[in-house]
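Here is a short briefing on one protein model. Look over the fold before reading the points.

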Amino acid sequence: MAKIRLENVYKRYGTKVTAVKDFNLETEDGEFVVFVGPSGCGKTTTLRMIAGLEDITEGKIYIGDRLVNDVPPKDRDIAMVFQNYALYPHMNVYDNMAFGLKLRRVPRDEIDRRVKEAARIIKIDHLLQRKPRELSGGQRQRVAMGRAIVREPKVFLFDEPLSNLDAKLRVEMRAEIAKLTRRLGVTTVYVTHDQVEAMTLGHRIVVMKDGEIQQTDTPLNLYDFPENKFVAGFIGSPSMNFVRARVEVQGSDAYFSIDGQKIKANPTLSASLKAYNGREVWMGVRPEHIGLKGWTTIPEDNNVVKGQVEVVEPLGADTEIHAEVGGAMVTAKVDGHAVVLPGDTVELLIDTSKLHAFETEGSEKAIG
Ligand code: ATP
């Protein structure tokens with residue numbers, strides 16, 4: 001096992017593109033860290049710099065105590081699993097898994113032991129003689145992981161390993177990866193653009209945008225305490241709602257005023273909003289923290305807004321309502337049995353203990 005440390009790492013392509021800016025991270029031994037963010041935000045580039053497949057323009061990368069800036073990929077003690085598996089089509093599963101070890105001149109009986117052990121762990125013992133074309137997508141993905149495991153690396157690097165699988169298989173394999181990495185306890189960096197994958201797999205998540213880290217934290221802290229509007233909107237599904245509101249302070253209370261309707265902020269948020277009296281902010285509220293009057297346990301207390309329902313999506317346990325509130329579209333996740341139809345005017349109750357506020361300028365940082 002080994003820690004990974006990145007210090008002030010930059011990657012520039014020519015003079016125009018800065019793919020990664022001032023990236024700093026120190027993992028724990030055995031930690032599972034996920035890089036998440038929209039397409040083009042620099043996740044893969046950062047992973048490839050850790051792997052040694054991409055030069056570092058500036059900064060330092062350590063694996064364990066060793067500075068690896070100039071260490072070639074094969075000597076970094078890492079194993080990488082890619083999106084496209086990169087299996088050799090003419091070799092059977094056994095040889096695919098054994099190949100890297102043969103190149104390293106590992107003795108034949110040691111190779112045999114490691115391949116069989118890995119095949120047992122990931123439950124492909126019965127497939128060892130098959131060629132890749134005779135395997136399903138999920139089985140190929142397992143082989144790609146098996147090939148990484150046999151290397152007994154200090155670090156696993158995964159680059160969107162599940163994106164070629166269908167939705168059901170993706171969920172299954174996600175659980176497999178979680179189990180496997182927990183069992184092996186190897187430090188892991190995992191790249192994805194899927195926030196659900198990030199939330200379910202990561203001990204910590206690095207949220208990136210435009211080559212820069214937005215926030216590094218545990219899944220729950222990112223959900224509860226996003227540091228800016230981008231992180232708030234990226235983490236959580238369906239996404240957090242943002243409504244432009246004007247802050248009105250009365251005594252010790254602050255209110256979000258939305259098109260004449262008023263929502264009272266909780267005491268903690270009120271204290272932080274005081275400095276914004278009379279100014280525009282983003283009020284942020286997650287769909288799961290909005291209820292439909294008559295169908296929710298959220299008590300009524302200066303927290304009701306009127307909405308015009310446009311779309312109703314029944315999902316069984318919940319129903320998602322998309323309604324227009326003060327000129328903004330708001331999604332609410334309400335009781336699945338609620339009777340509501342498009343065109344209805346409804347009263348929505350907001351759980352004010354779960355409200356967020358963000359500045360409307362600059363990096364739209366969280367208020368409070
Ligand atoms: P995706 O999820 O789409 O794979 P990503 O977050 O992994 O995206 P990167 O592949 O790391 O993003 O790319 C980061 C930025 O660097 C992008 O703007 C990309 O266009 C740019 N980039 C990547 N490789 C090169 C290159 N060889 N030359 C010039 N620009 C590049």
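The points below run from the overall build to single elements.

This is a predicted model: local features need pLDDT of at least 70, side-chain atom pairs count only at pLDDT 80 or more, and totals for chains, interfaces and linings use all residues. Residues are numbered from 1 along each chain as its sequence is written. The protein has nine helices and 20 strands. Helices (H or I, at least four residues) and strands (E, at least two) are DSSP runs, numbered from the N terminus.

**Overall build**
- The C-alpha trace spans about 75 × 45 × 35 Å along its principal axes.
- Of the 368 residues, 39% are buried. A residue is buried if 20 or more other C-beta atoms lie within 10 Å of its own, exposed if 12 or fewer, and partly exposed in between; C-beta atoms are placed from the backbone.
- Among contacts with a separation of 6 or more, 66% join residues 24 or more positions apart. Two residues are in contact if their C-beta atoms, placed from the backbone, lie within 7 Å.

**Domains**
- The protein is divided into domain 1 (4-234) and domain 2 (241-358). The bounds come from an automatic or database domain assignment.
- Four residues from domain 1 and five residues from domain 2 make the contact.
- On the domain 1 side, the residues divide into one nonpolar, two polar and one charged. Ala, Val, Leu, Ile, Met, Phe, Trp, Tyr, Cys and Pro count as nonpolar, Asp, Glu, Lys and Arg as charged, and the others, Gly among them, as polar.
- The domain centres, taken over C-alpha atoms, are separated by 39 Å.

- Helix α1 covers residues 43-51. Its buried residues include Lys43, Leu47 and Ile50.
- Strand β6 (residues 78-81) is covered on both faces. Ile78 and Met80 are buried on one side, Ala79 and Val81 on the other.
- Four bridges pair β6 with strand β7 (residues 155-159) in the parallel sense. Two strands pair if DSSP finds at least two bridges between them.
- Phe156 in β7 is the bridge partner of Ala79.

**The five-stranded sheet**
- This open sheet has the order β15-β19-β16-β17-β18, with antiparallel pairing.
- Its edge strands, β15 (290-292) and β18 (328-335), each pair on one side only.
- Strand β17 (residues 318-325) runs antiparallel to β18, joined by eight bridges.
- Asp318 stands opposite Asp335 in β18.
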